[in-house]
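Please look through the sequence and the model, then read the points below.

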Amino acid sequence: MTVREYLSPRSLPEALSLMERYGPDLLVMAGGTVAMPLINDGISLPERVMGLRHAGLDGIAQRGDVLGIGAATTLTQLLAQDAVPLLREAARNTASWSIRNMGTVGGNLFTPPPGGDVAVALLALDARVRLAGPRGERTLPLADFFTGFMTNALAEDELLVEIQVPTTVRETAFIKFGRKHANTPAVVTVAIAVERRDGRIGTARIALGAAGPHPIRVADAEAAIVGSALESDAIQRAADAAMRECRPFTDAIATEWYRRRMVGVFVKRALERVVA
Amino acid sequence: MASTIVTFELAGREVEVMVKPMTTLQAVLRYQLGFTSVKEGCRQGGCGSCTVLVDGEPMMSCLLPVEDVAGRRVTTLETITPDEGVHPIQQAFIDHTAFQCGYCTPGMIMISKALLDHDPHPTREAIVDALAGNLCRCTGYEPIVAAVEGAAQATAGKGAPR
Amino acid sequence: MSPALNVVGRSVARSDGIGHVTGRTQYTTDHVFPGMLHLKIVRSPAHHARIRHIDLSEAERVPGFVRALTYRDVPHNVYTILGLIGVEPEEEFVLAEDRLRYKGEPIVAIVAESEEAALDAVARVKLDLEELPAVFDVEEALKPGAPIVTHWGNNTFMYEGHPCRRVRFGDVEEAFARADHIVEGVYDTKPIEHAAIETTACIAVPEANGRYTVYTNSQAVYFSLDNTAIILQIPGNRLHFVGGTVGGGFGGKVDVIVEPLATLAAIKTNRPVKYAYSRSEEMQVSSTRSAWRIYVKDGVTRDGHIIARKVTSYADSGAYSRQTPYALTKHAANAAGPYAIPNVSIDAYCVYTNRVPSSAMRGFGITMASFAIEVQMDKIAELVGLDPWSIRFINAYRDGDVKPHRKVVEDATLIETMQAAAALVGHDLPAEFRTMTSAPRHAGEE
Amino acid sequence: MKLRGTGVAAVNYPTGMNLGGDPSQALIHATTSGTFVVSLSSTDLGQGHRTVIGQIAAEALGVAMEDVIVDTADTDTGPHDMGTFASRATHRVGNAVIAAALEVREALLDVAAEELEAARTDLEFDGQGNLMVRGAPARSLKIADIASAAQFKYGKTIAGRGAFMKPKSPVDPETGAMDPDSTEAHACTVAEVEVDTETGEVKVLSIRSAYEVGRQVNPALVKGQIVGGAWMGMSHALYETTAPYYPDPGHAPKDFSEYLMPGAHEIPQIECVVLEYPSSNGPYGVKGVGEMTANSPIPAIVNAIYHATGVRIDELPVTPELILRGLDAKRRAALVAPAADTTATAGR
């Protein structure tokens, strides 16, 4: 079916009411960088599409220790903020300039692996997502948002409206390793955030992209460095644990074998970057 | 499938187009307005040959429903080409033979224009970063990087080209 | 030196430069015609299958659907692109009849008022297929019991009664027997895509005088015209092909795939018809460079002279041979490399598999030979204790040498070129190589 | 750890492919203003065919580039041409254009002889757009004026037909004896790489080449082929494939993000020198440089990887995974029999 209607709500309530009216067949699109190629190729043939570019869902606001990032905030806007350096680094390593001007932070959470590099950073930052629907709003940890390959906790009538990121995390590292330096899918993406107590790691979050059906955290690897001062043997234990825990896949870019191996290399390198 | 009218700014004037829902800006520019510098290398956002500027920011026109640029200012290679002669970036592309088949060239010049508007004195690193979304199969990129460097030198101190 | 030249030898600016940098250069799909229809293809989802039934009923109900074309509409549906130069047999189906030989093979052409409608209708065509065992590897395809891909024979192209293009020069077995070393290698290359930024496309336009103007980005317009005339069984003078400006070719635009169907659709509808590959079609169903497997066996003396070379090459042509048989002949003429080797035997096989057909690409048959031979040269050098420069100077061909395909070398400059490369990188060559030339050998000189 | 290595490769490349006959034809005619229109059906793929043929036409006609229009690829107006492939276009079409230009010059001489009241044999072209009586520069006519006079005073055409064809060469099916091409160009490439032994990544540091391509019609365009070809060769060597796990047909890329090619970040230092040893049969000694430039970089890079790592990779593309698996195998072999590890002698 060629598209019969393109809906461009001007507010969140308008967007929600359109979703209610048209139900689950309404394709919701933000920057279009994932949906439009499929529509152009005739792979996706939606009848109705709702575009969020003008729905007022973009913008970044600091509220206390939390950075509120509107779901339709572009990656370029994310690159411009300096409250959370890890997110800047993640945005810088995602796609190309023109695509960053279009692609959104919210959309990044719906991008199947090996895409979704910003989502990996958000996971390491212990971000929360705010969802809105006819029954009101709820927030949940990003870790609970992902439920499987291209599936999530969003109800059919809910919309992702905001991502909330704590700005208190100071020690972070991000490495996206691809076959090229820029504008390329990840072989593996590693994002790390740690907090120290008396020089030792108190909490650690190690998130991986392209190493599972969605961005994942590797608990054993995190445990391997908690209580350490990131000595090299602790780092190696974490890298080894991450290799065991990750669930990589084979695609046109890399094999499962190579991705797993690179998880080890880049968890190590990212932790070494934290030390430096 | 009712058509709607969309108005945006192009080449310093308002243009009004009647479009079927979700027609891309690329298709409107090429097939309704005859702005065929906007190329169709992939229509997947992967090659940059359709790069245009929307309110001065580079975007892939193949991924933009034209409804989304209503009221915005769209800049294409046609609109930056002077009535006589060529823009300094265009001249630099000629001087450095920064093209072979020419199919990626409009997009390359538009992303270069965006770069030099934002950063009149880009480092080589900034240039290759800016070019990362624009593919060329013929030149090996080096002549294009050299052309952007040349254009930056040619326009340095003269203010950003229009 | 030849007489002084005025323009030749000067770096004059390109005559199309202004057009390219202003975007005014017109490429094929920059042409727009009133009432233009769009053609999209229903393609095989299977690597190898028998077609039981095709149901077009739902597709026909899509608003904007104009008509469907099947093999019954194609006057000469089975062709071979190189038939123009006498290559046989005719084997490729413009539109599939009862069997599908590769994933992506065209089955039905849908013509519609808009591209969206054409894509929509394509998605609504229902195929009832019986999947068949498929073969994907060149050597698997040659084993007894392998699924047979062609409709006319087995899985090799036939060269005048031989299953491969042969070169026989000297006596390789005798030379292997007296060689000090035997160096063997197997070289594999995967298929690759031309990836020109402009996709393959054409627009066929009916003219008032009963002719059809076809705007095309073919690399070879007459070749495309003549093949189109054969497939459509119309006189060539009813066709007028216009092209010449191509957004990158690299060999990817020498197949004749889009023009015959677009022209047929223009004939059937009496309206302009555009058939342009999408990028994913370009990536997944357009011809590739063949995958190659090349076995090289060299007999070498202890001082590094190659006295025998045996090459067995397999190019994966996919389901149809297209330009690949020609590539293997070119390969066979060059598989010994730019070296003087007195005993050479080459068997070059064009093998059918259930892959996307391969065809021409920059370096046609030679790029992969150069890869295999030049890696092989390094292995030989290491074995006999020579550096990579010496092994090449020692074996370099010279004017007057006879190549394995019996062509006398007349413009060799390998030696001079290597001398220049050594100078460029600051590599000091020993005097014997610094002073060596490609001039014909003296009597008795090795 | 990062390991560096250098690799060498040398290649030849033939011009043309005439196993079915390999013709190109050209027509040239003068307009009233003395502009020469070269009508062809060959195509410009982006290499600059129109420009190069314009140069050859201008040279052969003895006029300025600005006075030549090259019209390509219209089958109603351009005479037959096999097409643009096999590094043949400059060689074949150039020869055809020179032949056509000779006929044009004959026609110009006929008219000029009458206009100047001189013997044809006493006339010469100055290469600057004029015809003059030898030794008497004052008795000179602009070619544009001769063309005009031909049209309006003498009712003659100033036109020329040119064809070049290497006749079909059948292949002996038993021995492979054949004459498939016209001339051979040559290249030698030296590549330097750096290999990361943890990731298997290859960084190409430089691709430096010498080329011998016969006469260069347009050195800037030859260099463009060499630079673009070096990049493409690097791309073939390390990145590209439509079947990443051949013969498995799965995981075929569908877009430019999955089909890997290096970008502007990956370009190495590319240098070249070009030698000119004119061929006997090309226009002004042309050979051909279109296809060959992607060839020698491939084995040069693969050889450099071996030099750096001691790992021999005999397949393309050379992925980081292949290198890592090779390094692993080498390490295992060294553990089993350290003394037997001869492949580690990387530095030759």
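Glu315(D), in strand 12 of chain D, is the bridge partner of Asp188(C). Strand 12 of chain D pairs with strand 10 of chain C, residues 181-189, in the parallel sense and over 2 bridges. The model is a predicted one.

**Contact between chains C and D**

- The contact draws 100 residues from chain D and 98 residues from chain C.
- On the side of chain D that touches chain C, at least two residues each come from strand 1 (2-15), helix 1 (49-61), strand 9 (183-196), strand 10 (202-212), helix 4 (219-238), strand 11 (269-275), helix 5 (297-309) and strand 12 (315-316).
- By residue type, the side of chain D that touches chain C holds 49 nonpolar, 31 polar and 20 charged residues.

**Fold and shape of chain D**

- Chain D contains 6 helices and 12 strands.
- Chain D is more spread out than a compact globule, because its radius of gyration is 27 Å, well over the 20 Å that the globule rule gives for 348 residues.
- Taken along the principal axes, the box filled by the C-alpha atoms of chain D is roughly 95 × 45 × 40 Å.

**Burial and contacts within chain D**

- Buried residues make up 60% of the 348 residues of chain D.
- Of the contacts in chain D between residues at least 6 apart in sequence, 74% join residues at least 24 apart.

Note on methods. Residues numbered from 1 in each chain as written. Chains lettered and ligands numbered in written order. Predicted model: local features only at pLDDT ≥ 70, side-chain atom pairs only at ≥ 80, totals over all residues. Helix = DSSP H or I, 4+ residues; strand = E, 2+ residues; numbered from the N terminus. Rg over C-alpha atoms; globule rule 2.2 N^0.38 Å. Buried ≥ 20, exposed ≤ 12 C-beta atoms within 10 Å, placed from the backbone. Contact = placed C-beta atoms within 7 Å. Nonpolar A, V, L, I, M, F, W, Y, C, P; charged D, E, K, R; others polar. Pairing = 2+ DSSP bridges.
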